[in-house]
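Please open the structure in your viewer and keep the sequence panel beside it. The tour below moves from one selection to the next, with a look at the whole chain along the way.

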Amino acid sequence: MRSVGEKFIQYLSSFFADDTYVRSIRRFEKFVSKVLSAAMLIVISVALLDLILILARDLLQEPFGFFNRALIDIFGLFLNILIALELLENITVYLQENTVRLELVIATSLIAIARKIIIFDFSKFSHSELIALGIAIFALALSYWLIKRLNSQLRSP
């Protein structure tokens with residue numbers, strides 16, 4: 001008859017066997033991805049509700065039919081929701097394909113930097129920061145183009 005310690009050591013040995021351990025990691029990754037997607041759904045819902053309330057409040061206050069908030073701020077709210085949707089798409093693709101699609105990640109990054117440029121306040125930031133954002137967009141756009149080109153070459157015979 002084996003002792004509890006021996007049984008525990010045998011259990012650990014079988015758990016850390018390559019196949020079992022990798023399956024456990026995959027299950028944990030799926031669990032985390034599902035929790036992240038649920039959290040992202042909540043974030044998107046709250047952001048959308050916030051946007052609707054802000055638009056309604058601005059349109060119903062005097063002067064009626066005009067935005068009391070800067071239009072750039074409203075565009076920033078829209079883009080925040082688009083970025084969140086892209087992140088949700090990244091998580092969804094990961095859940096479906098069990099891989100991270102670099103093309104989607106770069107597209108999400110491009111949207112995030114485009115948002116930063118759209119709401120860029122020249123009074124708060126320097127021109128060099130705008131140039132840095134431009135360089136980042138150029139690098140991401142080049143990366144996106146290269147990945148799209150490589151993917152299309154891999155797909156065609």
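Is Ser-37 buried or exposed? This is a predicted model, and in it Ser-37 is buried, with a relative accessible area of 13%.

**Ser-37 and its surroundings**

Select Ser-37 and you will find yourself in helix α2, which covers residues 18-60. If neighbours within four places in sequence are left aside, the residues in contact with Ser-37 are Leu-88, Ile-91 and Leu-95.

**The whole chain**

Zoom out and colour by secondary structure, and the chain shows 5 helices and 0 strands, in the order α-α-α-α-α from the N terminus on. The chain is more spread out than a compact globule, because its radius of gyration is 24 Å, well over the 15 Å that the globule rule gives for 157 residues. Along the principal axes, the C-alpha trace spans about 85 × 45 × 35 Å.

With a surface displayed, the accessible area of the chain comes to about 11500 Å², and 69% of this belongs to carbon and sulfur atoms. Of the 157 residues, 20% count as buried. Where contacts join residues at least 6 apart in sequence, 55% of them link residues at least 24 apart. Colouring by charge brings up 16 positive and 14 negative side chains, and the centres of these two sets lie 8 Å apart.

Next, select Asn-98, whose place is in the loop between α3 (71-97) and α4. Most residues other than glycine have a negative phi. Asn-98 is partly exposed, with a relative accessible area of 31%.

**Two stops in helix α4**

Move on to Glu-103, which is found in helix α4 and is buried, with a relative accessible area of 19%. Show side chains here, and look for the polar contact of 3.2 Å that the side chain of Glu-103 makes with the side chain of Asn-151. Not counting residues up to four places away in sequence, Glu-103 touches Tyr-144, Ile-147, Lys-148 and Asn-151.

Stay in helix α4, residues 102-118, and select Thr-108. Which backbone oxygen lies 2.8 Å from a polar atom of the Thr-108 side chain? The oxygen in question belongs to Leu-104. Thr-108 is buried, at a relative accessible area of 7%, and, with residues up to four places away in sequence not counted, it touches Ile-83, Glu-86, Leu-87 and Asn-90.

**Leu-130, in helix α5**

For the last stop, select Leu-130 in helix α5, which takes in residues 127-155. At 24% relative accessibility, Leu-130 counts as partly exposed. Which residues are in contact with Leu-130 once its neighbours within four places in sequence are left aside? They are Ile-117, Phe-120 and Phe-122.

Terms used. Residues numbered from 1 in each chain as written. Predicted model: local features only at pLDDT ≥ 70, side-chain atom pairs only at ≥ 80, totals over all residues. Heavy atoms only, no water. Helix = DSSP H or I, 4+ residues; strand = E, 2+ residues; numbered from the N terminus. Rg over C-alpha atoms; globule rule 2.2 N^0.38 Å. Buried < 20%, exposed > 50% of the residue type's maximum accessible area, 1.4 Å probe, protein only. Contact = heavy atoms within 4.5 Å. Areas by Shrake-Rupley, 256 points an atom, 1.4 Å probe, with all protein chains shown as cover. Lys, Arg positive; Asp, Glu negative; His and termini not counted. Charge placed at Lys NZ, Arg CZ, Asp CG, Glu CD. Polar contact = N/O pair within 3.5 Å; in protein donor to acceptor, adjacent residues only side chain to side chain.
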